[in-house]
Amino acid sequence: MLIFSMKTSLKTGMSFWVTSGVITTLWLLVGLASWSEMRAVVIAGILTIAIADSFSDALGIHISQESNPKNSHKQVWESTISTFFTKFLFACTFILPVIFFPLFWAVVVSCVWGLFVITLVSYKIAVSQNKKPRHSVFEHVMITVVVIALTYITGLWINKLFVAN
């Protein structure tokens, strides 16, 4: 995988962007799907978070990179642009299951995809640091599962309070 043959600073950034993309997009997808049965709502939500979160992180990286006087103007913009496109494109991968599967199964497939990516990133990082990956993978997968469960419960709560009435 490309992310693990890069230098450390890029590996750190890519690991963050991918993990953040999984958590944020699953959070939104599971939450929306738990109270709406409309694919259009879920797809619009994913696209909205893909754009907003990508721009937000890109601006954060941009300002962070500018604060380091050692970074050239070109390096700042490379980091900014790569952050935006990496997060945006990765978040958009969660649209595919919503297009091709019934919404319930789209959520299941998206959760499996997200957990697979978290597992892979956690495993590769642990191995690259000569650590046993079992603990790292378990910890990160459990955090992701907790996020998914809390989001689902929150979506049900929102449905009960605001939508079903």
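Trainee: How many positive and how many negative side chains does the protein chain have?

Mentor: The protein chain has 11 positive and 6 negative side chains. Lys and Arg count as positive and Asp and Glu as negative, while His and the chain ends are not counted. The centres of the two sets lie 12 Å apart, with each charge placed at NZ of Lys, CZ of Arg, CG of Asp or CD of Glu. This is a predicted model, in which local features need pLDDT of at least 70 and side-chain atom pairs count only at pLDDT 80 or more, while totals for chains, interfaces and linings use all residues. Residues are numbered from 1 along each chain as its sequence is written, and side-chain values use heavy atoms, with hydrogens and water left out.

Trainee: What makes up the pattern of the protein chain along the sequence?

Mentor: The pattern is α-α-α-α-α-α, with six helices and zero strands. Helices (H or I, at least four residues) and strands (E, at least two) are DSSP runs, numbered from the N terminus. The C-alpha trace spans about 55 × 35 × 30 Å along its principal axes.

Trainee: How does the reach of helix α2 compare with the expected span?

Mentor: Helix α2 covers residues 39-66, which is 28 residues, and reaches 40 Å from its first C-alpha to its last. The expected span is 1.5 Å times one less than the number of residues. For α2 that expectation is 40 Å, and the reach is close to it.

Trainee: Why is lysine 87 called buried?

Mentor: Buried means under 20% relative accessible area, exposed over 50%, and partly exposed in between (1.4 Å probe, protein chains only). Lysine 87 has a relative accessible area of 2%, so lysine 87 is buried. By that cut-off, 40% of the 165 residues of the protein chain count as buried.

Trainee: What makes the contact of lysine 87 with aspartate 53 a salt bridge?

Mentor: A salt bridge is a side-chain nitrogen of Lys or Arg within 4 Å of a carboxyl oxygen of Asp or Glu. The closest N and O atoms of lysine 87 and aspartate 53 are 2.4 Å apart, and the pair forms a salt bridge. It links distant parts of the chain, with lysine 87 in helix α3 (residues 73-92) and aspartate 53 in helix α2, 34 residues apart. Aspartate 53 has 18% relative accessibility and therefore counts as buried.

Trainee: Which residues are linked with Lys87 in a network of salt bridges?

Mentor: Asp53 and Asp57 are linked with Lys87 in that network. The side chains of aspartate 57 and lysine 87 meet at 2.5 Å, N to O. Aspartate 57 lies in helix α2 and lysine 87 in helix α3, so this pair ties together parts that are 30 residues apart in sequence. Aspartate 57, at 15% relative accessibility, also counts as buried.

Trainee: How many salt bridges does the structure hold, and where do lysine 74 and glutamate 78 lie?

Mentor: The structure holds three salt bridges. One of them joins the side chains of lysine 74 and glutamate 78 at 3.8 Å, N to O. Both residues lie in helix α3, four residues apart, about one turn of the helix. An α-helix has 3.6 residues a turn, so residues three or four places apart point the same way. Lysine 74 is exposed at 58%, and glutamate 78 is partly exposed at 45%.

Trainee: Why is threonine 25 called buried, and which residues is threonine 25 in contact with?

Mentor: Threonine 25 has 1% relative accessibility, so threonine 25 counts as buried. Its place is helix α1 (residues 8-35). Contact means heavy atoms within 4.5 Å. Leaving aside neighbours within four places in sequence, threonine 25 is in contact with Ile46, Ile49, Ala91 and Phe94.

Trainee: Is phenylalanine 55 buried or exposed?

Mentor: Phenylalanine 55, in helix α2, has 51% relative accessibility and so counts as exposed.

Trainee: What makes the phi of asparagine 130 worth a remark?

Mentor: Phi of asparagine 130 is near 55°, a positive value in a residue other than glycine. Most residues other than glycine have a negative phi. Asparagine 130 lies in the loop between α5 (103-128) and α6 (133-163), and at 75% relative accessibility asparagine 130 counts as exposed.
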